[in-house]
Amino acid sequence: MKSLLTKASWILSVSLLLFSCGGKDSKKTTDEVVTETSKTKKLSIEKPQLTFGFIKLTDMAPLAIAKEKGFFEDEGLFVSVEAQSNWKNVLDRVIDGQLDGSHMLAGQPIAAGAGFGRQADLVTAFSMDLNGNGITVSNDVWAKMKPNVPLDSDGKTIHPIKADALKPVITEYKNSGKPFKMGMVFPVSTHNYEIRYWLAAAGINPGMYTAENVQGQIGADVLLSVTPPPQMPATLEAGTIYGYCVGEPWNQQAVFKGIGVPVVTNYDIWKNNPEKVFVMTKKFVEENPNTAIAVTKALIRAGKWLDEPSNRAEAVKILSMSQYVGADEQVLANSMTGTFEFEKGDKRSMPDFNVFYKYHATYPFYSDGIWFLTQMRRWGQIPEAKPADWYEKTIKDIYRPDIWLKAANILVEEGKIPATDIPKTDGYKPATTDFIDGTKYDAKDPIGYINSFSIGNKDK
C-alpha cells in the first residue's frame, strides 16, 4: 500500500508539472516522459522523502553532487542535505532517526558496533572517499621543526615529513613544563588514528585509553583532544593547541590565513586510505531496502562525476555554497584540483589527495574496516583482547558490500558505469606496506598486525 501511494504521489506530481508547462508536451503520458528524461531503472522506493546530514568538509562532496546534479531525483528520491554541528550530533541524530543517513567518520559505525561509545546497529554500503586529511602545526612549531627536516638539492623540503622532526620540539616543550597539545576531530575518527600512527612511528607516545579512562591520554607525550573541524584554525590561532589533524579545507585555511603549516597528508601516512562513509541504521536498511540501493546508486554516480578532472572546478563552486562547505573557492581549489599547499607558496602536485571513485574508492572493503578495529584495540578503546575471527565477524555486520553490488550492477545495466568498475574481491584488499613506516598490514591477520607495533597494546 505504501508503495502504491508513493507511485500515485509521484505520478500526480509529474502530471501537475506537465499541465503547468502547457503545450503539446502536456499531453504526453507519464511513461513517455520517464523514457525521454531518464534511463534510470526505477525501484519501488519505500521512503522517497529523506534527510541526510554532513559536516562542513570537502569529503561530503558526493552528497552535494548527488543533490545538485539531480542523481537523487533520478532515483525518485527527494533529499534534504543538512549541515550538522559536530560528529557526536551526527551519530546521535542518525541513531535516533532524526536523520535517515549521514556523511560520517569511517570509525563511527564501527565503534558503535564494537562497543566503544554509544552503541547501535549501523551499516555502511558506501565509502565516500580516499585520503583528504592533513596534519598542520602552528608557525612557531614549524619554525622549530624545520631545522630537523631534510632538504633536496634545490633547498626545498623533502616530503613526506615524519614525526621524527617534531620529537625534539615536544621534548623542548616538556622540559619547559608545557604539555604539547594537538587536536583531532573525534575519538574514533580517522584523524585520531592517523595522528597517533604518525606520532608513534617516530617513537612518540600519543597516549592510551582504558575502560575507566576514555580521554586517551594515559602515558602520553602529546595530549590529543577533540576540536570540531571548522573550529580548528581558530583554536590553533588562539594557541589552545599547537597542531591538528583534520580534513579539508581546514589545513589549507591555515595556510590561507598565515597561521600554520601543513606538514604531512594522510596520503603519506597510509596511501589511499578510506576516510568517510555514508551511514544508515540497520533498521532503516531492513525496512527500506530499495531506498538504500537507490541512495547508493546516486552516490556512486556522484563519486564517478567527481573524479572526472574536468568537473572539479564546478565541484569547487558547488562546495563553496553556504549550504555545503561554505569556504572560499581558492581555499577549496588548493586541494580539490590536484594540488596541496604546504608552506605558503610551496604548492605541490597531489592528484590523489581527494579521490572519490578511482581505485574502487566507493566500495566498502572489509579490510578497510578491520584496520579501524585494530587501531581501536591498539590504543585501548577496545579494552580487552579479541580473537582473530571477531574482527571479521564484527565488520561483516557493519560493512555491506552486498548493497553496493546491487546498486552498482543496476548502474552497469543502465550504462552509467562500466562493468570493469566493479571489483573482483572477497572484500579484502591485498596486504600492503603503503604506510609512512613501511609496516605491513594484512587484514586477515589482525592480531599479528596489532603486535607488530612497539607502542600500543599487545595480544596473544
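## A buried aspartate

With a relative accessibility of 2%, Asp59 counts as buried, because the cut-off for that label is under 20%. Keep in mind that this is a predicted model. Asp59 sits in the loop that runs between β1 (49-54) and α3.

What does Asp59 touch, once its neighbours within four places in sequence are left aside? Its contacts are His103, Met128, Asp129, Glu275, Lys276 and Phe356.

## The helix after that loop

Helix α3 covers residues 61-68, and six of its eight residues are buried, so the rest of the structure largely encloses it. The buried ones are Ala61, Pro62, Leu63, Ala64, Ile65 and Ala66. After α3 comes Gly70, which has a positive phi, near 80 degrees.

## A five-stranded open sheet

Next up is an open sheet of five strands, ordered β2-β1-β3-β11-β4, and its pairing is mixed. The edges are β2 (78-83) and β4 (122-127), each of which pairs on one side only. On average, neighbouring strands here are turned by 30 degrees against each other, direction ignored.

Helix α5 (residues 87-95) packs on this sheet and touches β2, β3 (101-105), β4 and β11. The direction of α5 makes about 140 degrees with that of β3.

As a reminder, strands of a sheet pair through backbone hydrogen bonds, either parallel or antiparallel. Which way do β4 and β11 go? Strand β11 (residues 276-281) and β4 pair in the antiparallel sense, over five bridges.

## A strand covered on both faces

Now for strand β9 (residues 243-247), which is mostly covered, with five of its five residues buried. In a regular strand the side chains alternate between the two faces of the sheet. For β9, one side has Gly243, Cys245 and Gly247, the other has Tyr244 and Val246, and they are all buried, which leaves both faces covered.

The pairing of β9 with strand β6 (residues 133-138) is antiparallel and runs over five bridges. Within that pairing, Val137 has Gly243 of β9 as its bridge partner.

## A glycine in a loop

Gly203 is found in the loop between α9 (190-200) and β8 (222-226). Buried or partly exposed? Its relative accessibility is 38%, so Gly203 counts as partly exposed.

Skipping neighbours within four places in sequence, Gly203 makes contact with Lys167, Asp221 and Ile455. There is also a spatial pairing to check in your viewer: Gly203 and Ala163 are 40 residues apart in sequence, and their C-alpha atoms are 8.6 Å apart in space.

## Two helices crossing

Two packed helices are described by the angle between their axes and the distance between the axes. For helix α15 (residues 312-319) and helix α16 (residues 329-336), the axes come within 9 Å and cross at roughly 140 degrees. That is why α15 and α16 are oblique to each other. Their crossing is right-handed.

Which residues make this contact? On the α15 side they are Arg312, Ala315, Val316, Lys317 and Leu319, and on the α16 side Glu329, Leu332, Ala333 and Met336. Sorted by type, the residues of the contact between α15 and α16 come out as six nonpolar, three charged and no polar.

Note on methods:
Residues numbered from 1 in each chain as written. Predicted model: local features only at pLDDT ≥ 70, side-chain atom pairs only at ≥ 80, totals over all residues. Heavy atoms only, no water. Axes fitted to C-alpha atoms, helices over the stretch in contact; angles between N-to-C directions. Helix = DSSP H or I, 4+ residues; strand = E, 2+ residues; numbered from the N terminus. Parallel < 35°, antiparallel > 145°, perpendicular 65-115°, else oblique. Left-handed = near helix turned anticlockwise from the far one by under 90°. Contact = heavy atoms within 4.5 Å. Nonpolar A, V, L, I, M, F, W, Y, C, P; charged D, E, K, R; others polar. Buried < 20%, exposed > 50% of the residue type's maximum accessible area, 1.4 Å probe, protein only. Pairing = 2+ DSSP bridges.
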